[in-house]
Amino acid sequence: MKSDALATPHVAVHRRRRGAAARLFDIFVRRYLALPTGVAIALVWANVAPERYFVFAHSLAFPVNEIGMAFFVGLIVQEIAEAVMPGGALHSWRRWSLPLLAAAGGIAGSAGFYLAYVHGRYESVLEAGWPIACAIDIAAAYYVLKTILPRSGALPFVLLLAIATDLFGMLIIAPQYQTATVHGGGLGVMLVALGIAGAMRALRVRAFWPYLAICGTLSWIALYREGLHPAFALVPIVPFLPHEPRRLDLLADPPDDDAVHHFEHEWNTLVQGILFLFGLVNGGVLLRGYDTGTWALLLGALVGRPIGILTAVRAAVAAGWHLPRGLGWRQLVVAALASSSGFTFALFFATGILSTGPLLAQLTIGAVGTAAGSLLAIGAARLFRVGRFAR
Amino acid sequence: MRRVALVLLTAWLATARLTPAEQNAARAVEPLPTRPDSLKFAVLGDNGTGEKPEYDVGQQMAAARRTFPFDMVLMLGDNMYGRQDPQDFVTKFERPYAALLQAGVLFYATLGNHDDQNNRFYKAFNMGGERYFTFVKKNVRFFVLDTNQLDPKQQAWFDEALQRSDDQWRICFFHHPIYSDGGRHGSDVSLRVILEPLFVKYGIDVVFSGHDHVYERLKPQKGITYFVSGSGGQLRRGDVRPSGLTAAYFDQDQSFMLVEVAGDEMFFEAVSRSGATVDSGVIHREPVGSRNSR
């Protein structure tokens, strides 16, 4: 009794600490802060002790970029699959048309400005980096718009635009995987993976881990052997996973606690941990490594994309399309700027397209710099007095 | 007492005001031996501007060849700046080095960040259409890398090429320096952590790079001597930030290098656009096994 009485305050403090740690962790997961935190640590580390940092980053690059990021890509595809399936928020193709046109305009704008700058500087070696300029950070756009334009119709518009853009980018970078050798024989392994996944689906296996552990692993081996980016290993497996239609609330915790959503919660937490490592391994560059690629990427993302999006939407409206309800031109400018941050996806695309070297460093600095797009969106919302800044 | 302090201050200021060329000139110049059976070559980086300094350096190289008959030139990347149309190959390469080309001197190029990747097909660059390649001259094997991107395929190729080499000297050249005190770019540490272990493991003796528009020789790192020679046409005056790694440097004018490999010794000179020798010395080849202890 005496010992309990003595222990109680200690236990309470311990619980409070655990509670604070859990809350902090929760904020990191919900606010999508894992990757920026990893990048911030990496940037400081790389510029303070570069040799130690790069040895560390080099040793972890393969497991993080090629294995861990398969879960990130898988989660994105899972989210999209649930949103576009019957009953999902994006099932109607009519909802896609204007954001799709805007995405095409954004891609043309960002790629066009990027390539124009690179050509203007006669550095054609940077041409290959144009998909990096097109990348949109879905989470950044989501949180910025949810904060400043929560009820304008801008949120689903930009999310659709971002999904379409990043899907396009993934299709471009998947075959550009840099590998030393192509072993072949991957097609057979992939067929086995798909066969097992199909059998599990037919047997109504509801647990996710067998799909990931067996089929995902086989798919990873298949892509790797064929010289394709193995981070896309879960893409062909995701359609076999148990799905439930959901509203468009990407990367947010689903409210239900059934088996499907429980798994997604765990998956999301795992992915946040991987994104932290991804930022830590890939975000560290010497700040004096900026060069032409940095400016080209910033120009493409922060200027080219908003101009491309707005031009495409203007052309579509002129051709008879209607802006979504609650979305005026001022809000659209803010939405276009909110989509200018490439950050997570830009870093992912950069590591998929380029290998170690100064080109990757230049574009990494640019990718991190595009995070300024979120600030531009907030500034524009304040200037135009829209959303939460409306009087 | 005040007078002593004034004298000391004046003496210190006079020393501090010495330009790098003057400081280097204080060192004894090691003349190139110009032995008949040695391998002689020149080294040039970041040259292809098509402007007067590039032409001046070309003339100086031709003049140097009269007393030091080198047969080849290593080009360390950024061989062409700006537009790279057929006419540019004339004004930025063929004319500045016309005397050398007419004398049959061979140029071996590596790609820099300003070079069009298709320039590897330009015959006079002797790249055989490859981004990375190797060739042998006498007792020296040269490894040429494309450090714009050190992709896994290139790393695997390099590892294999090093394993196969049993040549007496192994010299590597590429554009981006892994050791440099250049203020604008400096050392590319991300490349270093990949390349240096291979250099040490397989016994690379000397490495030449450009990118920083200066001349610098670094103190041997793990037994390997690194040169930055990136002022063959471009110049970033006063850009070197000397550190504990710096052995010698020159950042006041354009420059190129003359190198002679004779037996176990490699003699070198860095020559300015005006023909002054701004650094010189000799490197004694070390057995591979003795390097790791350094």
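## Ground rules and confidence

Residues are numbered from 1 along each chain as its sequence is written, and chains are lettered from A, with ligands numbered from 1, in the order in which they are written. Since the model is predicted, local features need pLDDT of at least 70 and side-chain atom pairs count only at pLDDT 80 or more, while totals for chains, interfaces and linings use all residues.

For the complex, the predictor gives an ipTM of 0.85 and a pTM of 0.85. Chain B averages 91, with 88% of the residues scoring at least 70. Its stretch below 50 is residues 7–19, with two contacts beyond near neighbours in sequence. Where pLDDT is low, the predicted coordinates should not be read in detail.

## Domains of chain A

Chain A is split into domain 1 (42–177 + 247–389) and domain 2 (180–228), with bounds that come from an automatic or database domain assignment. Their C-alpha centres lie 28 Å apart.

Six residues of domain 1 of chain A touch six residues of domain 2 of chain A. On the domain 1 side, the tally is six nonpolar, no polar and no charged residues. For these classes, Ala, Val, Leu, Ile, Met, Phe, Trp, Tyr, Cys and Pro count as nonpolar, Asp, Glu, Lys and Arg as charged, and the others, Gly among them, as polar.

## Where the chains meet

Chain A puts 21 residues into the contact between the chains, and chain B puts in 25. On the chain A side, the elements giving two or more residues are helix 3 (50–84) and helix 14 (358–369). Helices here are DSSP runs (H or I, at least four residues), numbered from the N terminus. Helix 3 of chain A gives the most, with five residues. By class, the chain A side has 11 nonpolar, seven polar and three charged residues.

## Helix 15 and its partners

Helix 12 (residues 329–338) and helix 15 (residues 372–384) of chain A pack at about 165 degrees, with their axes 7 Å apart. Axes are lines fitted to C-alpha atoms, for helices over the stretch in contact, and angles run from 0 to 180 degrees between N-to-C directions. That angle makes helix 12 of chain A roughly antiparallel to helix 15 of chain A; under 35 degrees counts as roughly parallel, over 145 as roughly antiparallel, 65 to 115 as roughly perpendicular and the rest as oblique. Their crossing is left-handed, meaning the near helix is turned anticlockwise from the far one by less than a right angle, with clockwise being right-handed. Residues in this contact include Val333(A) and Leu337(A) of helix 12 and Leu376(A) and Phe384(A) of helix 15. The contact has nine nonpolar, two polar and one charged residues.

Helix 6 (residues 138–148) of chain A also packs with helix 15 of chain A, at about 20 degrees and with axes 10 Å apart. The two are therefore roughly parallel to each other, and their crossing is right-handed. Ala140(A), Val144(A) and Ile148(A) of helix 6 meet Ser374(A), Ala377(A), Ile378(A) and Ala381(A) of helix 15. That comes to six nonpolar, one polar and no charged residues.

## Helices 4 and 7

The axes of helix 4 (residues 97–120) and helix 7 (residues 154–173) of chain A come within 8 Å and cross at roughly 55 degrees, which makes helix 4 of chain A oblique to helix 7 of chain A. This crossing is right-handed. Among the residues that meet are Leu100(A) and Ile107(A) of helix 4 and Phe157(A) and Phe168(A) of helix 7. By class, the contact has 10 nonpolar, two polar and no charged residues.

Key:
pLDDT is the predictor's confidence in each residue, from 0 to 100. Two residues are in contact if their C-beta atoms, placed from the backbone, lie within 7 Å.
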